[in-house]
Amino acid sequence: MSDAKLFSPAVAGAIEMKNRVVMAPLTRNRAQPENDAPRDLNVEYYEQRADAGLIITEASQISPQGKGYAWTPGIYSDDQIEGWKKVTDAVHAKGGKIVIQLWHVGRISHPVLQPGGADPVAPSAIAADSKTFDGTQFVGTPKPRALDASEIPGIIEDYRTATVNARKAGFDGVEIHAANGYLIDQFLRDSSNKRDDAYGGSIENRTRFLKEVLDAVVGAWDGGHVGIRLSPFSNANDISDSNPQELFSQVVRLLNPYNLAYLHLVEGQTGGSREIPEGGDLGVLYALFNGARMANNGYDHDSAIEAVDSGAVDLVAFGRPFIANPDLVTRLKKNAALNELDRDTLYGGGAKGYTDYPTLEQASVAAE
Ligand SMILES: Cc1cc2nc3c(=O)[nH]c(=O)nc-3n(C[C@H](O)[C@H](O)[C@H](O)COP(=O)(O)O)c2cc1C
């Protein structure tokens, strides 16, 4: 057993955690197809992983318009609140903590997934070279419709309502998904935001949408229950910026007055290389922030222990390892081997590749 700091308790804002191993947000496309509500299978999946110091749920749309893939859960209807309540109760009964990732996909969608078959919306009418899953096949993401400034207050209101709903559903907090090329990231970056109004142009203008989201979310709860995820140097979903270091330094500075629980950074390319482009420096971004620092991307036993022991960060989030290892914390403590990830069952389907990965204990019984 390890006495590394990674396994010691931590506090992030109002969220107390029994260890510093976090389950990263992971879209698995297994909500109830009729109403995008979590179901019993999802309850079991999260309950199995409640040994994490904190679970961040899969990204969950704040509105029907915020949806970009088939069978992802929402957090805007009563059925969805009820479904999530079962998840949070099960995680809490196991002594775990859980926050919900609030999501609006912006242009990473398709008319077949949008209310009334409408075009997806974005800061500007620029298509992303990306794909989404429509329930049958992977399809290219088409050119979106540029949001009229008059529509923005409605989206901000959806973030506020989603936060209120998250409280009703018994979550310990919310994580604002501002990473991976979705709507907030689309506003932040100068490759996807070509607006000439108060929401585009200067960095101050491009961060305005995020600031309004923060005002709404923190206004509906408080900063201590709110975390944020950014992926400053990731090009996920065809996103880029001419000066990400400057942009995200300003973003982190604007976060501080909200006294957020944590800043969650995807380090490098989401799910890919950890390399940071020239001129980029994650350490500077962490240092600018006044709350707990959470790192993600490609961490393993040794690198996670080192990241926390060295003081570089406070918390480490694991994505793929948590899919394949419900008892990841136990395995990390023992430095035990990890189950292999089955890529064919990542998105959609039932229990296979979702709730049937064995724990160490189950694997040893099966081997006897
Ligand atoms: C199947 C799958 C689904 C994902 N879904 C989300 C998501 O809903 N929200 C998000 O911010 N990142 C999502 N990601 C990215 C992960 O949270 C994480 O950043 C990435 O897997 C790298 O961490 P890892 O090396 O520990 O797996 C997803 C990744 C995978 C593999």
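In which sense do E13 and E14 pair, and over how many bridges? Here are a few notes on this predicted model, starting with that pair.

1. E13 and E14 run in the parallel sense where they pair, and three bridges join them. Across from Leu315 in E14 stands Met294.

2. Stepping back to the whole sheet, E13 and E14 belong to a closed barrel of eight strands with parallel pairing, in the order E3-E4-E5-E10-E11-E12-E13-E14. On average, neighbouring strands of this sheet are turned by 25° against each other, direction ignored.

3. Helix H9 (residues 301-309) is worth a look next. Its buried residues are Ala304, Ile305, Ala307 and Val308. Viewed down the axis of H9, these buried residues fall within an arc of 160°, so they line one face of the helix. As a reminder, an α-helix has 3.6 residues a turn, so residues three or four places apart point the same way.

4. What do the buried residues of H9 pack against? Their partners are strand E13 (292-296) and strand E14 (315-318), the pair from the opening question. Asp302 and Asp309, on the other side of H9, are exposed. After H9 comes Gly311, which has a positive phi, near 85°.

5. Finally, the ligand. There are 23 residues around it, and those that come nearest are Ala24, Pro25, Ala59, Gly319 and Arg320. Strand E4 (54-61) and helix H10 (320-324) are the elements that give two or more residues to this shell. By residue class, the shell around the ligand holds 10 nonpolar, 10 polar and three charged residues.

Terms used:
Residues numbered from 1 in each chain as written. Predicted model: local features only at pLDDT ≥ 70, side-chain atom pairs only at ≥ 80, totals over all residues. Near = placed C-beta within 6 Å. Helix = DSSP H or I, 4+ residues; strand = E, 2+ residues; numbered from the N terminus. Nonpolar A, V, L, I, M, F, W, Y, C, P; charged D, E, K, R; others polar. Buried ≥ 20, exposed ≤ 12 C-beta atoms within 10 Å, placed from the backbone. Arc of directions from axis to C-beta. Contact = placed C-beta atoms within 7 Å. Pairing = 2+ DSSP bridges. Axes fitted to C-alpha atoms, helices over the stretch in contact; angles between N-to-C directions.
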